[in-house]
Amino acid sequence: PQSPKQYGVTKPISFAGPTEADIQRNSELEKFLVNAGLYESKEEAAKREEIVKDWVKQLTRMRGYTDQMVEDANAVIFTFGSYRLGVHGPGVDIDTLCVGPSYVNREEDFFFILHNILADMEEVTELQPVPDAHVPVMRFKFDGISIDLLYASISLLVVPEDLDISHVSVLYNVDEPTVRSLNGCRVADQILKLVPNAEHFRTTLRCLKFWAKRRGVYSNVTGFLGGVNWALLVARVCQLYPNAIPSMLVSRFFRVYTQWRWPNPVMLCAIEEDELGFSVWDPRKNPRDRTHHMPIITPAYPCMNSSYNVSISTLRVMMEQFQFGNEICEEIELNNAQLSVLFEPYMFFECYKNYLQVDIVAADVDDLRAWKGWVESRLRQLTLMIERDTDGKLQCHPYPHEYVDISKQCSHCAFFMGLQRKQGERIQEGQQFDIRGTVDEFRHSVNMYMFWKPGMKIYVSHVRRKQIPSYVFPDGYKRTRSPRLNSQQLAEKLSREDGEVCRSGSGERRLKRRKDQEVVDAKQGSPEKRQSISPL
Ligand code: 3AT
Ligand code: MN
Ligand code: MN
């Protein structure tokens, strides 16, 4: 038969369409996603549309704000990110790009003048300019909805209302931050063009995003993957199985990525060579690109690695989770497991014996928001430093969730990292890890915060599993307490009391057993030596 249009850089793995069973599983999956509340209600969607439109109108009304004499001044608004891809759920941000003419610049007009205009608007709260970011952004809430607003000034005196942002000519004579700002939109458009079936792509992506959040691997800043990375990974699987439906694509996703040989890059199309001289991802040319552990390449010129934040530690954690996903999907296909098992929350506080607790304190809510954002963006460094200073023998699992102790008002929050001895390492008698120096160095670098204010504090401490504060457990959940158990939970409880922590029969159990090995070994030492990490 005539081969259909090929999507992607290789031939598909399989052209197979769904079987009856696949169709059945797919309708279950779709029902599951609806029940999980992953779709916005019509009203909510309409409200958003309205807000975005109103807001665009307001912005347009502000036109000419830099130069009263320029009557034609215009700015065009584009959305990108999950909103543009059509996979935004309730409560996520709307990523918005404002494209302005050449004479309206970012530093002053955007980050100063527009900032002040926004600051005076009643609907705008939590306004937070981030001008020094890789992609400079103004974050705020508009009527309670999070907006990430980027700005790109293109080399035209008048921005046409119907500007084609996919055309490479928008990149003429602009600087790198502008290219990066424009690229979010260009990437979203490309992704939708490069998948065989956009609807199947969307459903699969919604599912994987939900899964990644439940399993604690959704977060760019912590070194896991964010929205665009998940979108690219899913899109590639869609290309490899052009006729598959979402239920199949989810299980193929795990199959493909448990077998993927990182750092081979995932890409949706060939990398275009330097048309305009911007640097593109190329490990043969750029030594820095060779250090990327999990390259996921954006499809619009200039192609970049969207996941340079991934470290050896976070890649390891994600590979474990892919393994878990793969095992559960195999069980589901054999009718041995329910779909919901795939989305069980990852029991982070059950999986390690030792944790680092990073407490963040500030004088008030606003200070805390800024300070926490900064500390969170530095946590990746802490992981890297610990693994560096222990020659990789002590492994770190940063958890991308912030915990708030509601009894302490709103001026405190905490992050946690799991710590474990590297598997397969021979343990010398009484071997301890002393990471006090590392932690001091980290604290020192965090305290260099440019906008530091009195009251902004950080504490890093080593806690054992039993010392984890109770506010991290939702609804008063405690490991020892067990209200109304279903069979699943009962199995968990029993296996927990058995010294096992996670569900039997799953990958997690196997993972868990390996992790607890260190505890067994540590018990052979004297009680003092049991503390394998010196108190911080
Ligand atoms: P959410 O549903 O908001 O979590 P999203 O896809 O909208 O997912 P973000 O809001 O984090 O993701 O980011 C919005 C866009 O910004 C997506 C992408 O075009 C761009 N972007 C974000 N992070 C990166 C990155 N690491 N590399 C390249 N582009 C990025
Ligand atoms: Mn977004
Ligand atoms: Mn965003």
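Predicted model: local features only at pLDDT ≥ 70, side-chain atom pairs only at ≥ 80, totals over all residues.
Residues are numbered from 1 along each chain as its sequence is written, while chains are lettered from A and ligands numbered from 1 in the order in which they are written.

**Helix H4**

- Arg-106, Phe-110, Leu-114 and Leu-118 of H4 are buried (20 or more other C-beta atoms within 10 Å of a residue's own; exposed means 12 or fewer, partly exposed in between, with C-beta atoms placed from the backbone).
- Seen down the axis of H4, the buried residues fall within an arc of 50°, so they line one face of the helix; the arc is that of the directions from the helix axis to the C-beta atoms.
- An α-helix has 3.6 residues a turn, so residues three or four places apart point the same way.
- Turned away from the buried side of H4 is a face with the exposed residues Glu-107, Glu-108, Asn-116 and Ala-119.
- The cover over the buried residues of H4 includes strands E3 (124-130), E4 (137-142) and E5 (145-153).

**Whole chain**

- The chain has 15 helices and nine strands, taken as DSSP runs numbered from the N terminus (helices H or I, at least four residues; strands E, at least two).
- Of its 536 residues, 37% count as buried.

**Domains**

- The domain assignment, which is automatic or from a database, gives domain 1 (20-35 + 195-342), domain 2 (42-188) and domain 3 (348-530).
- The contact between domain 1 and domain 2 takes 15 residues from domain 1 and 11 residues from domain 2 (C-beta atoms, placed from the backbone, within 7 Å).
- On the side of domain 1 that touches domain 2, H6 gives the largest share, four residues.

**Ligand 1**

- Of the 16 residues around ligand 1, Gly-81, Ser-82, Gly-184, Gly-227 and Ser-306 come nearest (near means a C-beta atom, placed from the backbone, within 6 Å).
- Helices H3 (81-85), H5 (176-194) and H7 (227-240) are the elements that give two or more residues to this shell.
- Domain 1 and domain 2 each provide at least three residues of the shell around ligand 1.

Note on methods: Contact = placed C-beta atoms within 7 Å.
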